[in-house]
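Welcome! Take a moment to turn the model around on your screen, and then let us walk through it together.

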Amino acid sequence: MLTPPTLNTWANWYMCQWDLYIESAPSALEHPLLIQRGKTLIQFKKPEEKAYARFREFMQLIDTAILDVETLQYNSRTLVAAFMYLVLGKHFGQFSVHQIVEQFPYSSQYLLNPTYAFNDLFGEFLLFSFGFQLVDLLPSIQYASRFFSLPLNYDLPNAAKVFKENVLEVS
């Protein structure tokens, strides 16, 4: 009770759950979107540069949201899930940053469209891991989409540039 879970706590938890789900859940392994991509999984916690870039993007978006007082009116879990939906959807190529910034705040056409294979995959993940429906994220997604217009830094930290022998493997 002294240290309630923060957005960062939930973000780390969701990222770990996603990585486990995408690697081991039968519904994920047999999903057409993943079969189409071959063996390339989109993860956050894998020790490689691309996964680390996704991790940094996700955490930077969470950090910017924490600075906005309006964030307090959203449930922490749904807000983090909304950011994850948008980041993963972008990396799966289901929508662009331009679409996220320009269309998502005012429309639900992507989230409620059953023809998007990503909605099926992420909806199964939410239901399997957290017990709520994709449609429950709509207000949080519309709010979170505003943060994608901010410039984020995807470079490796300076320590990684100096100590190149300890840098994550590139794939």
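## How the helices pack

The axes of H1 and H4 come within 10 Å of each other and cross at roughly 155 degrees. Here an axis is a line fitted to C-alpha atoms, for helices over the stretch in contact, and an angle runs from 0 to 180 degrees between N-to-C directions. H1 and H4 are therefore roughly antiparallel.

Which residues of H1 and H4 meet? From H1 come Leu-7, Asn-8, Ala-11, Asn-12 and Met-15, and from H4 come Phe-55, Phe-58, Met-59, Ile-62, Asp-63 and Ile-66. Contact means heavy atoms within 4.5 Å.

Before going further, a word on what you are looking at. This is a predicted model, in which local features need pLDDT of at least 70 and side-chain atom pairs count only at pLDDT 80 or more, while totals for chains, interfaces and linings use all residues. Residues are numbered from 1 along each chain as its sequence is written, and side-chain values use heavy atoms, with hydrogens and water left out.

The axes of H1 and H7 (residues 117-130) come within 11 Å and cross at roughly 110 degrees. That makes H1 roughly perpendicular to H7. On the H1 side, the contact is made by Trp-13, Tyr-14, Gln-17, Trp-18, Tyr-21 and Ile-22. Among the H7 residues that take part are Leu-121, Phe-122, Phe-125 and Phe-128.

H4 and H5 pack with their axes 10 Å apart, at an angle of about 140 degrees. That makes H4 oblique to H5. Arg-54, Glu-57, Phe-58, Leu-61, Ile-62 and Ala-65 of H4 meet Val-80, Phe-83, Met-84, Val-87, Lys-90 and His-91 of H5. Like the other two, this pair has its own handedness: the crossing of H4 and H5 is right-handed, and that of H1 and H7 is right-handed.

## The whole protein

How many helices and strands does the protein have? There are nine helices and zero strands. Helices (H or I, at least four residues) and strands (E, at least two) are DSSP runs, numbered from the N terminus. Of the contacts with a separation of 6 or more, 73% join residues 24 or more positions apart.

The protein averages a pLDDT of 86, and 87% of the residues score at least 70; pLDDT is the predictor's confidence in each residue, from 0 to 100. Among the elements, H5 has the highest mean pLDDT (94) and H9 (residues 158-162) the lowest (62). Where pLDDT is low, the predicted coordinates should not be read in detail.

Helix H1 (residues 7-24) has 18 residues and reaches 26 Å from its first C-alpha to its last, close to the expected 26 Å. The expected span is 1.5 Å times one less than the number of residues. H4 (residues 49-66), with its 18 residues, should also span 26 Å, and its end C-alpha atoms are 26 Å apart, which agrees.

## Buried residues

Buried residues make up 42% of the 171 residues. Buried means under 20% relative accessible area, exposed over 50%, and partly exposed in between (1.4 Å probe, protein chains only). In H1, the buried residues include Leu-7, Ala-11, Tyr-14 and Trp-18. In H4, they include Ala-51, Phe-58, Leu-61 and Ile-62. The cover over the buried residues of H4 includes H1, H5 and H8 (138-144).

| Residue | Helix | Relative accessible area |
|---|---|---|
| Ser-140 | H8 | 3% |
| Asn-119 | H7 | 7% |
| Gln-60 | H4 | 17% |

What do they touch, leaving aside residues up to four places away in sequence? Ser-140 touches Tyr-74, Thr-78, Leu-79 and Ala-82. Gln-60 touches Leu-152 and Asn-153. Asn-119 is in contact with Tyr-85, Tyr-110, Leu-111, Leu-112, Asn-113 and Leu-134. Asn-119 and Val-135, 16 residues apart in sequence, are 10.0 Å apart in space, C-alpha to C-alpha.

How values were computed:
Parallel < 35°, antiparallel > 145°, perpendicular 65-115°, else oblique. Left-handed = near helix turned anticlockwise from the far one by under 90°.
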